[in-house]
Amino acid sequence: MHPSATTDIPNSGWQQELARAYTRVADLLADLALPALAESLPEDILLRFPLRVPRGFAARMRRGDPADPLLAQVLPRSAEALPAPGFVADPVGDLASLRAPGLLQKYQGRALLIATGACAVHCRYCFRRNFPYAEQALGGARLDAAIAAVASDPSLEEIILSGGDPLCLTDHRLVQLLQRLDRLPGLRRLRLHTRVPVVLPERVNPPLLAALAGLRKPVAVVLHCNHANEIDGAVAAAAAALREAGASLLNQAVLLRGVNDTVAAQAALAERLFDAGVLPYYLHQLDPVAGAAHFAVADADAVGLMAGLRQRLPGYLVPRLVREVAGDPAKRPLF
Ligand SMILES: *Cc1c(COP(=O)(O)O)cnc(C)c1O
Ligand code: SF4
């Protein structure tokens, strides 16, 4: 057989890469040379929120290191089943903020569209881990209704595509959605909240970049990256391509015990982000979602960390430490 017949990469290369993601804990731990780390997990942990880790993201983990900060974000733990006071299914009041199916508004002038329920990686601390994605994900008539609700509200200036992860939509659906929003005269800017360029940089492909470059409205892409080790050459190249397509790049991280809860880890993240053309935006205090209590950092420790970071970095590289409080008119600054 001609060798190229088996090595041609189809257009949907990123979808194939996503399909190859780890879904079995044993496979991931075997490839990391950490078989002893496998815990016997209560079965419903993985049924409710399965493992999903793209191979390229796992390749950035240190082999043989049970404390690797990337592994810690995605490895299911039996601790998820422990009840923790104050840790609940919907900690940020998402279900109470629905304006239309798939359209959440909490703050003045901007609303968030749940473009899809799918994510390329499953982060164990995720505040949406218990969110009824499938019921709110938009398609067909529901998407039309959500866009009509946006179009009829002159107070909305910005739409945030979120999820799940909007970059998990197919090229066709994502490009169509961006172009429909771009045509709404009342909107001033568009925003994407996505972890995909970090965990699956292959998805930042020519059709997406061409669509972004063709939009009339300014676009902000808010990445989600928690640790400097998440940014390798492929991620930096994806970020550079997004910038070339005209997007402003920001990052939000979640403060996670054992992952990025030191001044050194936060400083390295900020510096690596800036090297890749991304400005730190928010550092989120963990939303108290059921199953994530083992990631929590006390407010006093978080504030102390920020004081250390302020001494260490130029002001523009210091993210804002915030907490989302249901009913508040904006994210609440803690420092
Ligand atoms: C976090 C969030 C936003 C964005 O808030 P900014 O402070 O503008 O980044 C918008 N809508 C909802 C529902 C949110 O949860
Ligand atoms: S990518 Fe974002 S929405 Fe998806 S699981 Fe991770 S934190 Fe949650």
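A cavity is, on a 1 Å grid over the protein atoms alone, a set of points where a 1.4 Å probe fits but cannot get out. The legends describe a predicted model, in which local features need pLDDT of at least 70 and side-chain atom pairs count only at pLDDT 80 or more, while totals for chains, interfaces and linings use all residues. Residues are numbered from 1 along each chain as its sequence is written, chains are lettered from A and ligands numbered from 1 in the order in which they are written, and side-chain values use heavy atoms, with hydrogens and water left out.

**View 1. Ligand 1 sits in the largest cavity** (more than half of its atoms lie within 2 Å of the grid points). Around this ligand are Lys106, Tyr107, Arg110, Leu112, Ile160, Arg191, Tyr281, Tyr282, Glu324 and Lys331 (a heavy atom within 4 Å). This shell comprises 5 nonpolar residues, 5 charged residues and no polar ones (Ala, Val, Leu, Ile, Met, Phe, Trp, Tyr, Cys and Pro count as nonpolar, Asp, Glu, Lys and Arg as charged, the others, Gly among them, as polar). At least two shell residues come from each of β2 (103–107), β3 (110–114) and β8 (279–284) (strands are DSSP runs of E, at least two residues, and helices runs of H or I, at least four, numbered from the N terminus).

**View 2. An open sheet of 10 strands has mixed pairing** (at least two DSSP bridges between paired strands). Its order is β1-β2-β3-β4-β5-β6-β7-β8-β9-β10. Because β1 (98–100) and β10 (332–333) stand at the edges with a single partner strand each, one side of each is left without a neighbour in the sheet. Strands β2 and β3 run antiparallel and are joined by 3 bridges, and leucine 104 has leucine 112 in β3 as its bridge partner.

**View 3. Cys119, Val121, Cys123, Cys126, Gly164, Arg195 and His224 surround ligand 2**. The shell of ligand 2 divides into 4 nonpolar, 2 polar and 1 charged residues, and the space that ligand 2 takes is the largest cavity. Glycine 164, one of the surrounding residues, is joined to glycine 163 by a cis peptide bond with omega of about 15°, and glycine 164 belongs to the loop between β4 (158–162) and α9 (171–182).

**View 4. Alanine 33 has a positive phi of about 60°**. This residue is not a glycine, and alanine 33 is placed in the loop between α3 (25–31) and α4 (43–48).

Note on methods:
1 Å grid on protein atoms, 1.4 Å probe; cavity = no way out; pocket = protein on both sides within 12 Å on 5 of 7 lines; lining within 4 Å.
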